[in-house]
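Here is a short briefing on one protein chain. Look at the structure first, then work through the points by topic.

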Amino acid sequence: MGKDQRVLFHSTIFGPIHSRRLGTSLGVNLSPTDGKVCSFDCLYCEAGYNAQGPGTSGLPRRSDVALMLRDRLAEMKSKGERLDVITFSGNGEPTVHPDFPGILHDVAALRSEYFPEAKVSVLCNSTRLGDEAVCEALMKADNNILKLDSAVEATMRLIDRPGDRNFTVERVTAQLCRFAGQAIIQTMMLRGEHEGQPVDNTTAEEVDALIEAYRRIRPREIMLYSIDRATPEEKLVKVPADELREIGARMELATGIHVQVN
């Protein structure tokens, strides 16, 4: 992926945009506005690899996030605009921000003041589930969307490239069980190649492993999706919609858990 192909959000509050999974979404970016800060370095991340650096703007302050969000929500309200969801996403992992629990509290309060019908969603890569404050905050989100891209250790490490060497499939699966009935598990399905190694989490072995993990975690929903934009690893391939639906139907039949396919 060339530098000009990265999708960086150059503001703390961005949108609203149309999310194929969530609807009309106003974004909250807790990463720098000119760089990337993430505990994963995924092959498919539309924001590019972590090697680009964190930029110079730093992480936004809690008070500034609340002020900017209030201004944007008031503007949308005055214009009669629609809002389905406020989503923590952006240029990295939101739970890395040291004030994430407090910021989520502020966001939920502002949502209730201006758009009480809207949901608060968090797109989270599951790397910070060992932090009690982070877990308690995530439990308060309307849509707590936690990542599990593969239940096979080698594949997870190849696709997600976690920064913490102690992050393992077994550890994160056990941590995800805490959110049974509450979390949405999000899985990116893809195939291709990276540095001569095949990348494919759509095989029968991979799908079986995911099914077993989903059975163990018991989320309220499973969310499957595939590549939608340019990726830093250029040899990745989008899984066709029909195949994705077939995989989702197999998972739903095997687990009894609703699978949303996007």
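With 262 residues, a compact globule would have a radius of gyration near 18 Å, and this chain agrees, because its own value is 18 Å. The model is a predicted one. Its chain holds seven helices and 11 strands.

**Overall build**

- The C-alpha trace spans about 50 × 40 × 35 Å along its principal axes.
- Of the 262 residues, 52% count as buried.
- Take the contacts in the chain with a separation of 6 or more: residues 24 or more positions apart account for 72% of them.

**Two helices side by side**

- How do α1 and α2 pack, and at what angle? Helix α1 covers residues 62–78 and helix α2 covers residues 100–114. They pack at an angle of about 20°, and their axes are 10 Å apart.
- Angles under 35 degrees count as roughly parallel, so α1 is roughly parallel to α2.
- The crossing of α1 past α2 is right-handed.
- On the α1 side, the contact is made by R62, V65, A66, L69, R70, L73, A74 and K77. On the α2 side, it is made by G102, I103, H105, D106, V107, L110, R111, E113 and Y114.
- Sorted by type, the residues of this contact are nine nonpolar, two polar and six charged.

**R111, an arginine in α2**

- R111 sits in helix α2.
- Is R111 buried or exposed? R111 has a relative accessible area of 12%. Buried means under 20%, so R111 is buried.
- Which residues does R111 touch, leaving out those up to four places away in sequence? They are L73, I86, P116, A118, K119, V120 and D142.
- One of these, L73, also belongs to the α1 side of the helix contact.

**Helix α4 and its cover**

- Helix α4 runs over residues 153–160. Its buried residues are T155, M156, L158, I159 and D160.
- What covers them? The cover includes the strands β5 (143–147), β7 and β8. It also includes the helices α5 (169–176) and α6.
- Just after α4 comes R161, with a positive phi of about 50°.

**Backbone exceptions**

- Most residues other than glycine have a negative phi, and most peptide bonds are trans. The next points go against that pattern.
- E195 is not a glycine, yet its phi is positive, at about 50°. E195 lies in the loop between β7 (190–194) and β8 (197–200).
- The relative accessible area of E195 is 68%. Exposed means over 50%, so E195 is exposed.
- R218 is not a glycine either, and its phi is positive, at about 55°. Where is R218? R218 is in the loop between α6 (204–217) and β9 (221–225).
- R218 has a relative accessible area of 38%, so it is partly exposed.
- A cis peptide bond joins G15 and P16, with omega at about 10°. P16 lies in strand β1, which covers residues 13–19.

**To take away**

- Helices α1 and α2 pack at about 20°, with the buried residue R111 among those in their contact.
- Two loops hold residues with a positive phi: E195 lies between β7 and β8, and R218 lies between α6 and β9.

Methods
Residues are numbered from 1 along each chain as its sequence is written. This is a predicted model: local features need pLDDT of at least 70, side-chain atom pairs count only at pLDDT 80 or more; totals for chains, interfaces and linings use all residues. Side-chain values use heavy atoms; hydrogens and water are left out. Axes are lines fitted to C-alpha atoms, for helices over the stretch in contact, and angles run from 0 to 180 degrees between N-to-C directions. Helices (H or I, at least four residues) and strands (E, at least two) are DSSP runs, numbered from the N terminus. Angles under 35 degrees count as roughly parallel, over 145 as roughly antiparallel, 65 to 115 as roughly perpendicular and the rest as oblique. A crossing is left-handed if the near helix is turned anticlockwise from the far one by less than a right angle, and right-handed if clockwise. Contact means heavy atoms within 4.5 Å. Ala, Val, Leu, Ile, Met, Phe, Trp, Tyr, Cys and Pro count as nonpolar, Asp, Glu, Lys and Arg as charged, and the others, Gly among them, as polar. The radius of gyration is taken over C-alpha atoms; the globule rule is 2.2 Å times the number of residues to the power 0.38. Buried means under 20% relative accessible area, exposed over 50%, partly exposed in between (1.4 Å probe, protein chains only).
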